[in-house]
Amino acid sequence: MKIRKGDEVIVIAGKDKGATGKVLRVLPREERVVVEGVNLITKNVKADQARPGKQTGRVTVEAPLHVSNVALVEDGKPVRVGYRINEDGTKVRISRRSGKEI
């Protein structure tokens with residue numbers, strides 16, 4: 001997957017189209033990402049003695065989005081990701097728009 005935890009992304013499809021946020025979690029097997037403040041759902045969480053101090057009742061959390069519905073952001077615009085091998089042999093991600101290293 002070309003998107004990693006900590007990347008700044010923009011939603012390009014779905015009900016939250018145009019929203020930006022930081023990637024909190026990447027689920028490579030399901031090809032999904034969890035983005036901060038995007039795709040919010042309400043869960044009913046029951047109180048549990050094994051989890052003291054945790055929030056209970058109606059809790060709003062971020063649900064995963066498919067990775068095809070998000071793109072990396074550069075200067076507020078979505079960009080595609082490419083790869084380049086440096087002279088020292090390291091593989092780095094680059095922006096297809098500007099050619100800069102991400």
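This is a predicted model: local features need pLDDT of at least 70, side-chain atom pairs count only at pLDDT 80 or more; totals for chains, interfaces and linings use all residues.

Trainee: Why is Arg93 called buried?

Mentor: Buried means under 20% relative accessible area (1.4 Å probe, protein chains only). Arg93 has 7%, so Arg93 is buried. Arg93 lies in strand β10, residues 91–95 (a strand is a DSSP run of E, at least two residues).

Trainee: What does the side chain of Arg93 reach at 2.7 Å?

Mentor: The backbone oxygen of Lys2. A polar contact is a pair of N or O atoms within 3.5 Å, where one must be able to donate a hydrogen and the other to accept it.

Trainee: What makes Glu74 a residue without a salt bridge?

Mentor: A salt bridge needs a side-chain nitrogen of Lys or Arg within 4 Å of a carboxyl oxygen of Asp or Glu. For buried Glu74, the nearest side chain of opposite charge, Arg97, is 5.0 Å away, so there is no salt bridge.

Trainee: Which side chain does Glu74 join through a polar contact?

Mentor: That of Ser95, at 3.2 Å. Glu74 is in strand β7.

Trainee: Which residues have the most contacts inside the largest nonpolar core?

Mentor: Ile3, Val9, Val33, Val35, Leu65 and Val70, in a core of 13 residues. Strands β1 (8–11), β3 (32–35) and β7 (70–74) each supply at least two of its residues. A nonpolar core is a set of buried Ala, Val, Leu, Ile, Met, Phe, Trp, Tyr and Cys residues joined through side-chain atoms within 4.5 Å.

Note on methods: Residues are numbered from 1 along each chain as its sequence is written. Side-chain values use heavy atoms; hydrogens and water are left out. Buried means under 20% relative accessible area, exposed over 50%, partly exposed in between (1.4 Å probe, protein chains only). Helices (H or I, at least four residues) and strands (E, at least two) are DSSP runs, numbered from the N terminus. Lys and Arg count as positive and Asp and Glu as negative; His and the chain ends are not counted.
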